[in-house]
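Here is a short report on one protein model. Look through the structure first, then read on.

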Amino acid sequence: MIEFDHIAVLCTRLEDGVAYVEEALGVPLAAGGKHEAFGTHNALLALGGEEYLEVIAVDPEGADPGRPRWFDLDRFQGQPRIARWVCRVDDLAAKVAERPGVGVPMALQRGEYRWAMAVPETGILPMNNMHPALIEWQGPHPAPRLPDEGVRLAELLVGHEEARGLKELGLDDPRLRFIRGPTRMAARFDTPDGPKWLR
């Protein structure tokens, strides 16, 4: 099993990323938490069911993780933008074996939430970070516990010269579009005020 799990909006300062998403989508985000293993922190938005949007940045009060941070955050520059996506699997070790380069499974925890995630040693995912990060939840999923602001993912566009190879992942989700071309990512959302985009 492999399914869409969440989208990550990267930013250099969390407050800037939150402001960008809240203005673009017209809804408030919920406070997230800190990831001590990578020195990052986040804010969250439910997308219905077990799906969500995450705004993530390096935590200025966090400790140096002593290794490259996930999502290639150490090299991130510029304005907040949608830049990564994550898929959940039911057997992370097996999927990692099928997809060389997606990373080494790491056991992680934040409060009551426990999961394993494949993290490349360099922090850089295949296909210039357009390949999804892979996650295996090992307990409750955070999305159903977030406030529901009525936002739903309508379409996720992933562009890369080798993007069509992502079909080999076996994702059966009509909202996902893989486009051969320039490296880019964009998402359209249904919101209480109509369709909205993050790019």
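Two strands count as paired if DSSP finds at least two bridges between them. With that in mind, take strand 11 (residues 184–191) and strand 12 (residues 194–198): five bridges join them, and they run antiparallel. The model is a predicted one.

Strand 11 and strand 12 form a hairpin, with two residues between them. Asp190 has Pro195 in strand 12 as its bridge partner.

What is the strand order in the open sheet of eight strands? The order is 2-3-4-1-5-8-7-6, with mixed pairing. Strand 2 and strand 6 (104–110) are the edge strands, and each pairs on one side only. Neighbouring strands of this sheet are turned against each other by 30 degrees on average, direction ignored.

Strand 2 and strand 3 pair in the antiparallel sense over four bridges. Ala30 stands opposite Leu44 in strand 3. The two strands, strand 2 and strand 3, form a hairpin with four residues between them. In the turn, Gly39 has a positive phi of about 65 degrees.

Strand 7 (residues 113–119) and strand 8 (residues 133–137) are antiparallel too, and pair over three bridges. Met117 has Ile135 in strand 8 as its bridge partner. Helix 1 (residues 14–25) lies across strand 1 (2–10), strand 3, strand 4 and strand 5. Against strand 4, helix 1 runs at about 150 degrees.

**Aromatic rings**

A pair of rings is described by the distance of the centres and the angle of the planes. The structure holds four aromatic pairs. Two of them are set out here.

| Pair | Centre to centre | Angle between planes | Type |
|---|---|---|---|
| Phe38 and Trp70 | 4.4 Å | 15 degrees | stacked |
| Trp85 and Phe178 | 5.9 Å | 40 degrees | tilted |

Phe38 and Trp70 link distant parts of the chain, 32 residues apart. Phe38 is in the loop between strand 2 (30–35) and strand 3 (40–46). Trp70 is in the loop between strand 4 (52–58) and strand 5 (81–89). Buried or exposed? Phe38 has a relative accessible area of 0%, so Phe38 is buried. Trp70 counts as buried because its relative accessibility is 5%, and the cut-off for buried is under 20%. Ring pairs link Phe38, Trp70 and Phe71 into a cluster.

Trp85 lies in strand 5 and Phe178 in strand 10 (residues 176–180), so their pair ties together parts that are 93 residues apart in sequence. Both Trp85 and Phe178 are buried.

Arg199 lies over the face of Trp197, at 4.4 Å from the ring centre.

**Two buried loop residues**

Glu51 sits in the loop between strand 3 and strand 4. Its relative accessible area is 13%, so Glu51 is buried. What does the side chain of Glu51 make a polar contact with? The partner is the side chain of Arg175, at 2.8 Å. Beyond its neighbours within four places in sequence, Glu51 is in contact with residues including Phe4, Asp5, His141 and Arg175.

Pro120 lies in the loop between strand 7 and strand 8. With a relative accessible area of 8%, Pro120 is buried. Setting aside neighbours within four places in sequence, the contacts of Pro120 are Arg67, Gly101, Val102, Gly103, Val104 and Leu125. Pro120 and Asp72 are 48 residues apart in sequence, and 9.2 Å apart in space from C-alpha to C-alpha.

Terms used: Residues numbered from 1 in each chain as written. Predicted model: local features only at pLDDT ≥ 70, side-chain atom pairs only at ≥ 80, totals over all residues. Heavy atoms only, no water. Phe/Tyr/Trp six-rings, centres within 6.5 Å; stacked < 30°, edge-to-face > 60°. Buried < 20%, exposed > 50% of the residue type's maximum accessible area, 1.4 Å probe, protein only. Lys NZ or Arg CZ within 6 Å of the ring centre and 35° of its normal. Axes fitted to C-alpha atoms, helices over the stretch in contact; angles between N-to-C directions. Contact = heavy atoms within 4.5 Å. Polar contact = N/O pair within 3.5 Å; in protein donor to acceptor, adjacent residues only side chain to side chain.
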